[in-house]
Amino acid sequence: MSDDRVDQWLAFARQFLRALAVRKRKQFDRRVPIGDLLTERDDNAAAYGFGEGTTMYDNALVLGSVKVGRNTWIGPGCILDGSGGDLQIGDWCSISAGVQIYTHNTVNRSISLGRDPIDYAPTWIGNGVYVGPNSVIQMGVTIGDRAIIGANSLVNRDIPTGAKAFGCPARLQQPSTSK
């Protein structure tokens, strides 16, 4: 294909993407990457068999065995890594931008120079859980229903139902005793 022909196709593609960007801005008042111009978030989630009403940005990375319930929002830039075992996320969850959820780690394999195996454990997130932006949930963690995980938290242990936890590592927050 000649350079002129390539330039023509490129000009057409840019014009098409500009039109899609204007349309997305009118519909949702947002600017999104190319992948989200070309796809719809509910279609992305449905393609993975996630529950009805669940949406997922195009740039979310999904690996291995990941199950997500109904009406859950998976934000941009998330990593849902079920490659080490089942990763399950319940109904009505908010998995904010940049959240990383794992079912394995390679720590022991790395520090043993390959003698030890990769560690695997399923990770479970209950119903109605909010996970704040840029949080990391390590393998084998269970987060109970209606728990809140604050932004930028490292969750390396189980969080009970209804609890609030944040920090690095995430610590449970005591209920307020104000009168």
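Two strands count as paired if DSSP finds at least two bridges between them. Strands here are DSSP runs marked E with at least two residues, helices are H or I runs with at least four, and both are numbered from the N terminus.

Okay, before the tour, a word on what we're looking at. This is a predicted model, so I only talk about local features at pLDDT of at least 70 and side-chain atom pairs at pLDDT 80 or more, while totals for chains, interfaces and linings use all residues. Residues are numbered from 1 along each chain as its sequence is written, and side-chain values use heavy atoms, with hydrogens and water left out.

Let's start with the sheet. It's an open sheet of 7 strands in the order E1-E3-E5-E10-E13-E15-E16, and the pairing is mixed. The edges are strand E1 (55–56) and strand E16 (171–172), each of which pairs on one side only. Now look at strand E10, residues 130–131, and strand E13, residues 148–149: they run parallel and are joined by 2 bridges. Which residue in E13 does tyrosine 130 stand opposite? That's isoleucine 148.

Next, the inside. By nonpolar core I mean a set of buried Ala, Val, Leu, Ile, Met, Phe, Trp, Tyr and Cys residues joined through side-chain atoms within 4.5 Å. Buried is under 20% relative accessible area, exposed is over 50%, and partly exposed is in between, using a 1.4 Å probe and protein chains only. The largest core has 29 residues, and Ile74, Ile89, Ile95, Ile101 and Ile143 have the most contacts inside it. Strand E2 (61–68) and strand E4 (79–89) are the elements giving it two or more residues. Take isoleucine 101: leaving out residues up to four places away in sequence, the ones it touches include Ile79, Leu87, Thr123 and Ile137. A contact here is heavy atoms within 4.5 Å.

On to charges. A salt bridge is a side-chain nitrogen of Lys or Arg within 4 Å of a carboxyl oxygen of Asp or Glu. How many are there by this rule? The count comes to 4. One of them joins glutamate 40 to lysine 24, with the closest N and O atoms 3.7 Å apart. Glutamate 40 sits in the loop between helix H2 (34–38) and helix H3 (41–47) and lysine 24 is in helix H1, so this pair ties together parts 16 residues apart in sequence. Glutamate 40 is partly exposed at 32%, whereas lysine 24 is buried at 7%.

Another salt bridge is between aspartate 86 and lysine 67, at 3.4 Å from N to O. This pair links strand E4 with strand E2, 19 residues apart. Are those two buried or exposed? Aspartate 86 is partly exposed at 33%, and lysine 67 is partly exposed at 42%. Then there's arginine 25 with aspartate 29, also listed at 3.4 Å; arginine 25 is exposed at 55% and aspartate 29 is exposed at 58%.

Last stop: serine 112, in the loop between helix H4 (107–111) and strand E8 (119–120). It's buried, at 5%. Its side chain reaches the backbone nitrogen of aspartate 116 at 2.8 Å, and a polar atom of that side chain lies 3.3 Å from the backbone oxygen of arginine 109.

Notes
Polar contact = N/O pair within 3.5 Å; in protein donor to acceptor, adjacent residues only side chain to side chain.
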